[in-house]
Amino acid sequence: MDPPATSGPEEHGRHGPSGPLDHAERAEYERLRRVLRTRHRRLRLCGASLLLTLAVLLAPVSVVATWVNSEVTDVDRYEQTVSPLARDPAVQDLMIDRVTDGLVENIDAREITDGLADALADRDAPRFLVDAARSLDEELKGGLTTGVRFAVEKVVTSDAFAQAWDAMHRGAHNAAMSVLTGEGGGALEVRGDTITLNVGTVMEELQEQLIGVTLVEAADIPGADKSIVLVRNDNLSEARDAARWLGAVGPWLPVAVVVLAGLGIWAAPSHRVALMAGGIGVAITMCALLVGLAVMRQIYLDAVTPVAQSQDAAAAVYDTLVRFLRQAILTVLLTALLTVIAGYLYGRGRGAVAVRSVAARGTETAGRALARTGLTTGAVGRWLRTHRPLTTGAVIGTGGLTLFLWNYPTPASVALLLLLVVVVLVILGVLAAADGAEQHLQR
């Protein structure tokens, strides 16, 4: 039986892989390409949105965790936090009032005036003078208050008190760290759920001082392993676990935020739009954190009664303790806003195009002026002009990496790094423009 005529080489040539597509097949092929491209774009957009959302949500958590971790683990940072309290006028007035009232309350002015009146009566003083002496208790108390307040104020406002304040808080921080971490091997030690005071050093010194001098035998003196239980708390283990978790996770949260944001920007169909979206999201969360701090401040001040503490002192304490957190929030907010501005300037908006045109004309003018003076950039200028996108990205990336590795960045450090990046970019642009102007003059 003969094969069908439609199975010959002509059909194979028309429908095989090597044959050209007709109009209908070409339209179907383009439609499938558009569908696949749309699906791929949607998948990238969903993935990028998820990554950027996680980065934005973790940003405020990262800022707060980093601040708490620095206050808990860095004794120098903690000392810088509490040190201004000893020098704040409102806090000083509060301490002066508390100490003065406590000292004066322990002085019995009535007993003093009664003793003075009895002494005058024993010496046959006039009756009116004895009665006047007995009624001097209020005047005596007022005079004592004035004198004690003057002495206390002189002590509280002195440099010695501020230094003692710093030393006390530094020692308290070290003791707290020994309790939370169980490390350090100092006088305070943690054993299970108890905090013990190791007095072995004192006992050794006592042995050296007493043996051979008094009738106390060596066996009667406690050994160097003597310890005293100070605190027993069932929640101590949980507190130590929380401190360890914070110390382990806190430093890595900023890295996680940067990695998530970078992956989201890389996966997005438009890198510039993703960069701006991430910056706007982080800026919004930082503003929300600032609002939260303001709300918490008001709640704290409303909870303070005038009898317990003055409003000025309470406000000074709150503002001092959270000032580094507020500084970190402002630093991240400024960085996010600069990121959004940079993303906009690389776009196609009229303002961005105008700014880039002005910057290009400025560098070209400076480059021509440099070339007219006879200063040649040579191969360096030629390389810079050829690899301008690479050098620009390297300078901006170096500035961002420096800011990220900065121990405790501030808005001032962000402004300084921004200024340095702009200056370096301008210098590189002028050098690149000078090479082009030099070749133009030679022609």
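Where is the place of Phe-404? Phe-404 sits in helix α17. Keep in mind as you look around that this is a predicted model.

**A nonpolar patch on the surface**

Helix α17 spans residues 388–405 and supplies the largest share of a nonpolar patch, namely three residues. The patch lies on the surface and is formed by Val-258, Leu-401, Phe-404 and Leu-405. Together these residues have about 390 Å² of accessible area.

**A buried threonine**

Now turn to Thr-331, which belongs to helix α14, residues 323–345. Thr-331 is buried because its relative accessible area is 4%, and the cut-off for buried is under 20%. Which backbone oxygen does the side chain of Thr-331 reach? That oxygen belongs to Pro-409, at 3.4 Å. Setting aside neighbours within four places in sequence, Thr-331 is in contact with Pro-409, Thr-410, Pro-411 and Val-414.

**Cysteines and accessibility**

If you are wondering about disulfides, the count comes to zero. A disulfide is a covalent bond between the sulfur atoms of two cysteines. Cys-46 counts as exposed because its relative accessibility is 53%, and exposed means over 50%. Cys-287 counts as partly exposed, with 37% relative accessibility.

Here are the residues discussed above, with their values:

| Residue | Relative accessibility | Class |
|---|---|---|
| Thr-331 | 4% | buried |
| Cys-287 | 37% | partly exposed |
| Cys-46 | 53% | exposed |

How values were computed: Residues are numbered from 1 along each chain as its sequence is written. This is a predicted model: local features need pLDDT of at least 70, side-chain atom pairs count only at pLDDT 80 or more; totals for chains, interfaces and linings use all residues. Side-chain values use heavy atoms; hydrogens and water are left out. Patches are made of residues with over 30% relative accessible area and no salt bridge: like charges are joined within 9 Å, nonpolar side chains (Val, Leu, Ile, Met, Phe, Trp, Tyr) within 5 Å. Accessible areas come from the Shrake-Rupley method with a 1.4 Å probe; for residues, only the protein chains shown count as cover. A salt bridge is a side-chain nitrogen of Lys or Arg within 4 Å of a carboxyl oxygen of Asp or Glu. Helices (H or I, at least four residues) and strands (E, at least two) are DSSP runs, numbered from the N terminus. Buried means under 20% relative accessible area, exposed over 50%, partly exposed in between (1.4 Å probe, protein chains only). A polar contact is a pair of N or O atoms within 3.5 Å; within protein, one must be able to donate a hydrogen and the other to accept it, and residues adjacent in sequence count only if both atoms are side-chain atoms. Contact means heavy atoms within 4.5 Å. A disulfide is a pair of cysteine sulfur atoms within 2.5 Å.
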